[in-house]
Amino acid sequence: MADGFSQSVKQQADIVRIVGDYVRLSKAGAHSFKGLCPFHKEKSPSFNVQAAQQFFHCFGCGQSGDVFTFIQKMENVGFPEAVRMVAQKCGIPLPKREFSSPEEAESARLRGKLLELHEQAAQYFAEQLQSPEAARAREYLTGRGTTADAITAFNLGYAPDSFSTMRDRFQERFAPEVLRASGLFSAKEQAEGGSGALYARFRKRIMFPIRNEGGRTIAFTARALDSDEKSGPKYLNSPETPLYVKGQVLFNLDKAKAAIRQFEFALLVEGQMDCISVYMAGVTNVIATSGTAFTEAQVRLLARHTRQVVVNFDPDTAGANAAEKSIALLIEEGFSVKVVTLEGGLDPDRFVRERGVQAYIAELRAARRHSDYLIERARMLHPPVTADAKVKALNFLLPHMQHMPNRIARDEFAADAAQKLGIDSALLRQELKQAAGARRSTVRPAANVAPMVSEAEKLILRAMCHTGAAFAAATERHRREPWLFEGLATTDLMAALANRQPTDDPMMAAPDEQSRHLLAAALLAGPAEVSLGDLEQALASLRIRQMERRQRDLRRRLADAEARGDAETIRELMAEKLQLDRELRES
Ligand SMILES: [Zn+2]
């Protein structure tokens, strides 16, 4: 991709808005924003975005860079793809594509074709749902209370009971390798005596498009219409493709993310049907795991939008197990989790249809802390009437307590559990301590403490990031009076900045990670514009500090000379000291 184009995109893109699509940012200064780092696990924000200099920096894990670096890391794509994505987000028209390698060009081309194919396939399935053959599918949906609006909003469809109809339609428009890579078709392998010909993977099924966070269809979940053995599994998902990696998508996140941020929590349900009916009833911050167990990738995906979740899984055994696993994972990642168990053993879909959305919202409001839910589960699974049952109940709860990163919450959980299970709380604390000991040993040592940097140094660093008068003045001083900049935590960094080409990105010039931290801190500490007057003041204050340093040094050397009785050295040092004192008074 032409360098001029990426430069122009960078100038037009607002890093705060682009990052804000992934990270909840709050204002931290005139030009800076803070949020929880998407690249490492943390509970208090050390991830900063600076609007004036257009960079991000995390003081926790040290990741930093410009808007393209951010997208590259976030979306796991190369530089050209990142430029393209940022341009698209900003509505900047793309020039003719150029790629760094033929492989990259080929894989981008295939992804583009697969997106196109999925879009058309979703359209095809939606049309099929209106065909005479789909009468039973429509009946099923109506029976489950799925309205025409819901069908439109979620673009539900029907895959006809035919091996060839869909293939015949799509093989005119797409190359065989695209059809093969899409996961929408299977091949009768020649090795197995087949012809190698493609046939439709999904037949006689209701089709739920799975969309990525950007709202593009990347896969399907297909529900069988019949429950006989011949029909295969009740639910069938697309296989993994270049577009779709299992466990990395949350169903409905594209539609729900705005509401999740607005309400500051996400409602997590199990199935797509639950998600659809709850969403259509007006609870729009709902997402679904699509039946699979919640994965770490999904937790991280969600963490970009909120750290608060209300879990409402089906009350059956499978649902309870899935809920427990999801709770454990969310708690471990520092989420605050509440749990809803619906009255009468109803799943969210049926509850909303039978009792109405107001009753459902009341249930959400009354959601219990996850610890209360788990203690209740423990009591139900192992009624604590015998010592043996109490141990079992305790063993059910201990791993959950262990996973809690917050010590106070953990202690509270333990005290509650002891009381409700009738266990000696001292004994429980002992058990927990042992478990916590095992946990502590795996915790990484804290990041090293940043060295002290004065406000004057920070201002000089900001001036050095300029390309204008302040940059020229600061680098000129650096060349003329190098002693001013010696012996500081920022010495190497200042040298690197002063000696770079003024148009080079300052963050890229920082010689090491420590320097990048220092520079980011300096840029976040004040306005990007530095006046010559302010710069002079900072240099003057630095001069005084350096002279004081020399003074301390002189005093030490004087004391040494006196101890040795070295009269000549004493005289020389005294003269130097007098000169320095005079300079200090005058400055
Ligand atoms: Zn970080």
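Residue numbers start at 1 in each chain and follow the sequence as written. Because the model is predicted, local features need pLDDT of at least 70 and side-chain atom pairs count only at pLDDT 80 or more, whereas totals for chains, interfaces and linings use all residues.

The chain is divided into domain 1 (3–89), domain 2 (103–237), domain 3 (253–366), domain 4 (373–440) and domain 5 (455–586); these bounds come from an automatic or database domain assignment. Between the C-alpha centres of domain 2 and domain 5 there is a distance of 66 Å.

Helices and strands are named here as DSSP runs, numbered from the N terminus (helices: H or I, at least four residues; strands: E, at least two). Residue D21 lies in the loop between α2 (15–20) and β1 (26–27). Although D21 and G214 are separated by 193 residues in sequence, their C-alpha atoms are 10.0 Å apart in space. D21 counts as partly exposed because it has 14 C-beta neighbours inside 10 Å; on this scale a residue is buried if 20 or more other C-beta atoms lie within 10 Å of its own, exposed if 12 or fewer, and partly exposed in between, with C-beta atoms placed from the backbone.

Most residues other than glycine have a negative phi. Q54, in the loop between β3 (47–50) and β4 (55–58), has a positive phi near 55°. Q54 is buried, because 20 other C-beta atoms lie within 10 Å. K204 is placed in the loop between β8 (198–200) and β9 (205–211), and its phi is also positive, near 50°. K204 has 20 other C-beta atoms within 10 Å and is therefore buried.

Residue V178 belongs to helix α9 (residues 176–181). With 20 C-beta neighbours inside 10 Å, V178 is buried. Leaving aside neighbours within four places in sequence, V178 is in contact (C-beta atoms, placed from the backbone, within 7 Å) with L110, K113, L114 and L117. For L114, the separation from V178 is 64 residues in sequence and 6.6 Å in space, C-alpha to C-alpha.

Helix α16 (residues 370–381) and helix α17 (residues 387–402) have axes that come within 9 Å and cross at roughly 155°. Such axes are lines fitted to C-alpha atoms, for helices over the stretch in contact, with angles running from 0 to 180 degrees between N-to-C directions. The two helices are therefore roughly antiparallel to each other, a term for angles over 145 degrees. On the α16 side, L374, I375, A378, R379 and L381 meet A393, F396, L397 and H400 of α17. This contact comprises 7 nonpolar, 1 polar and 1 charged residues, where Ala, Val, Leu, Ile, Met, Phe, Trp, Tyr, Cys and Pro count as nonpolar, Asp, Glu, Lys and Arg as charged, and the others, Gly among them, as polar.

A further helix pair is formed by α25 (residues 532–564) and α26 (residues 567–586), whose axes come within 10 Å and cross at roughly 160°. The pair is therefore roughly antiparallel. Among the α25 residues in this contact are I544, M547, L554 and L558, and those of α26 include I570, L573 and L580. By class, the contact of α25 with α26 divides into 9 nonpolar, 2 polar and 6 charged residues.

Notes:
Angles under 35 degrees count as roughly parallel, over 145 as roughly antiparallel, 65 to 115 as roughly perpendicular and the rest as oblique. Two residues are in contact if their C-beta atoms, placed from the backbone, lie within 7 Å.
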